[in-house]
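Colleague: I have a model on screen and some questions about it. Can we go through them one by one?

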Amino acid sequence: MTPGDEVVLALENVGVEYESRGTTMRVLPGVSLELRRGEVVGLVGESGSGKSTLALAILRLLPANGRIVGGQILLDGSIDLTGLGEEALREMRGPKIAMVFQDPLTSLNPTFKIGGQMVDVQAAHAPRRARRVDRKAFLEKAVSLLGKVGLPDPDQIVRSYPHQLSGGMRQRVMIAMALSLEPELLIADEPTSALDVTLEAQILALLRSIQASRNLTILFVTHDLNVVAQICDRVVVMYAGEIVEQGGVLDVFEHPQHPYSEALLQAVPTRRNRGRTLATIPGQVPSLLREVRGCRFADRCGYTKQCCRTESPPVVASGASQAVRCHMRGPATLWESQEEKAQT
Amino acid sequence: MSASISTIGSGGSLLAVSDLRVVFSGGGPVSRLFSKDKGVRAVDGVSLEVAPSEIVGIVGESGSGKTTLALAALGLTHVTGGHVLHGGEDITRLGAARIRRVRRNAVMIFQDPHSSLSPRMRVSSLLLEPYFIHKVPESERYGVAELLEMVELPSRLAGLYPHELSGGQARRVGIARALSLRPRLIVADEPTTGLDVSAASSILNLLQSLRVSYGTAYLIITHALNVVGYLADRIAVMYLGRIVESGPAEQIYDAPLHPYTRALIAAIPEMDSRSGKKEPFASGEIPSPRDPPPGCHFHPRCPFAEQTCRSVAPLLEEARPNQSVACHRWQEVASREAP
């Protein structure tokens, strides 16, 4: 299915700060991103890149010491999630945007059976008058959803407690639960990281088929580039709180435009680069306690020039479908090279 | 030690494991007496060799017994049956003091670096601790700075505590501790799991370069097939306590014979093969090792399973030179196109 042009979610200059021991850390300086209906977007980055913070900010699920400072998160072009109160937010979480977390065991309540938990999710969002009567119908829906996510014997599953299921089964339950309110957007935060390869392959295939049958939009947060290649249409690369590159998966993977994406891709061990030394990225992610001047990747980049240390790089269109935040690709490249020529 | 056993390790291999069995029995003596619980056969008749400066990868999913195999190979868990030979010496028959001597030459890097480093010791003490344990004379010791340099860490880390290190740095300290004794064999359990892409790639580069400069051999235990595909010379695939296929890395990847190996390889998400995969994934999940299926352990998930597979456990046989497989139907499997 080809993604349409309809924008489901638009982030405009969304900033996030964390407060810790009296100091403020600007984790996301201002992120802009659009998700179109029916596309699977991979949000990749290493730990500390802010990818999970971004995912949580969309659902307004930031921890107590985090807050959104500035920007807009527009759902369906009209609802600004940043301005909603708790009650209104609850109407969004589930029916509009659902989330699947990395560890299903901590997301499921260990003291209730799967069926009851799945009914509660639906009941909490049912119109007030219907709440009493429909538990039976909700349970039937739960059973049918569990069957759709490929769980054998769903009648038995609804009567089980979470600990009686395996990791792969629990993750399928989480996906079924997330789908029970028919959301437009599914945010999946490392949904397969805790699973074995054969299970991961099964879950990825499941998400793909659900996506296609419901024209669902999926934001897939992961650090695993191989998984992105497998399931995503578009990839968004984050570094130190900023989106440094985005574009079609094949374009980015074949012709990465940002030095960070390039290094990241070359650092993945595969059997094809056997015997070769893998690319590494020296140094550390910059501390966000201080204001970062210039490009955030400058200290670790192999192509750093004078302007990278002083000026924030512009976001420019580059390659086939990509947008990249880098001086190398921007207009500055021109005057830099002219300057260098003049010096020699 | 009988003659037949000593010949196993005499082919110059550093480590030779033969017919190793590790059974964990549940409950106390009374429940063991009255219950039908036969215990968990974590490792069920595994044989394996590692030659000097060779990299052998053990792959398998959780519950396959790969970590237990690693622990047993270093005498870190009890062994129910079989032999583990280090340079011809069977450690299953040695006392604690002599096993310790073996562990000077064969060391382990644990999966979680933070939980394997004492939180109350500085990096410098952690690095020198192995020398005190093994009473290594001063003249044979590396200095702290030297060890840090070997694993490409700045010397200023010497005064830090483990919680002040990043995951990649802690992993390197674990490697440096292992290297301090100049071992000939390093057993690494999931050496890159939990690390970021760039930290993982630098650890893999480091392991490679240490082999080049010191001739270290590795037994790498992992569920990440891309890691062994990149690093290992030979691969053994484990499923529910048994090796189902082993052979040279290229051969295992290009022409896998066991249906499970094929399913694993088909399941690897790879950056450069986005097109649909032909091989069906293994359906279902790995069964509990407490109650493994009869016959071939893989038969409930196997698309090739037939009557024999349900009752008779296949033995490892040499299907091609150096490549062994435990499957009744490998010939039919091999005739299918590779995944």
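Colleague: Which residues is A73(B) in contact with, leaving aside its neighbours within four places in sequence?
Modeller: This is a predicted model, where local features need pLDDT of at least 70, side-chain atom pairs count only at pLDDT 80 or more, and totals for chains, interfaces and linings use all residues. Residues are numbered from 1 along each chain as its sequence is written, and chains are lettered from A and ligands numbered from 1 in the order in which they are written. Contact means that C-beta atoms, placed from the backbone, lie within 7 Å. On that basis the partners of A73(B) are L15(B), V17(B), V84(B), V187(B) and L219(B).

Colleague: Which residues touch the most other members of the largest nonpolar core?
Modeller: A nonpolar core is a set of buried Ala, Val, Leu, Ile, Met, Phe, Trp, Tyr and Cys residues joined through C-beta atoms within 7 Å. Buried means 20 or more other C-beta atoms within 10 Å of the residue's own, with C-beta atoms placed from the backbone. The largest core holds 195 residues. Those touching the most other members are L43(A), L219(A), F220(A), A73(B), V187(B), L219(B) and V237(B).

Colleague: Where does this core lie relative to the domains of chain A?
Modeller: The domain bounds come from an automatic or database domain assignment. Both domain 1 (7-232) and domain 2 (245-343) of chain A give residues to the core, so it lies between them.

Colleague: How many residues does each domain of chain A put into the contact?
Modeller: The domain centres, taken over C-alpha atoms, are 31 Å apart. On the domain 1 side, β2 (23-36) and α9 (225-231) of chain A each supply at least two residues. Helices (H or I, at least four residues) and strands (E, at least two) are DSSP runs numbered from the N terminus. The count is ten residues from domain 1 of chain A and eight residues from domain 2 of chain A.

Colleague: Which helix gives the largest share of the side of chain A that touches chain B?
Modeller: Here 32 residues of chain A meet 27 residues of chain B. Helices α8 (197-214), α9 and α11 (259-266) of chain A each supply at least two residues of the chain A side. The largest share, six residues, comes from α8(A).

Colleague: How many bridges join β9(B) to β10(B)?
Modeller: Strands pair if DSSP finds at least two bridges between them. β9 (residues 234-239) and β10 (residues 242-248) of chain B form a hairpin with two residues between them. L240(B) in the turn has a positive phi of about 45°.

Colleague: Which residue is the bridge partner of E245(B) in β12(B)?
Modeller: Six of the seven residues of β10(B) are buried. β10(B) also pairs with β12 (residues 323-325) of chain B, antiparallel, over two bridges. The partner of E245(B) is V325(B).

Colleague: Which strands stand at the edges of the open sheet in chain B?
Modeller: Four strands make up this antiparallel sheet, in the order β2-β1-β4-β5. The edge strands have a single partner strand each, so one side of each is left without a neighbour in the sheet. They are β2 (40-50) and β5 (89-90) of chain B.

Technical notes:
Two residues are in contact if their C-beta atoms, placed from the backbone, lie within 7 Å. A residue is buried if 20 or more other C-beta atoms lie within 10 Å of its own, exposed if 12 or fewer, and partly exposed in between; C-beta atoms are placed from the backbone.
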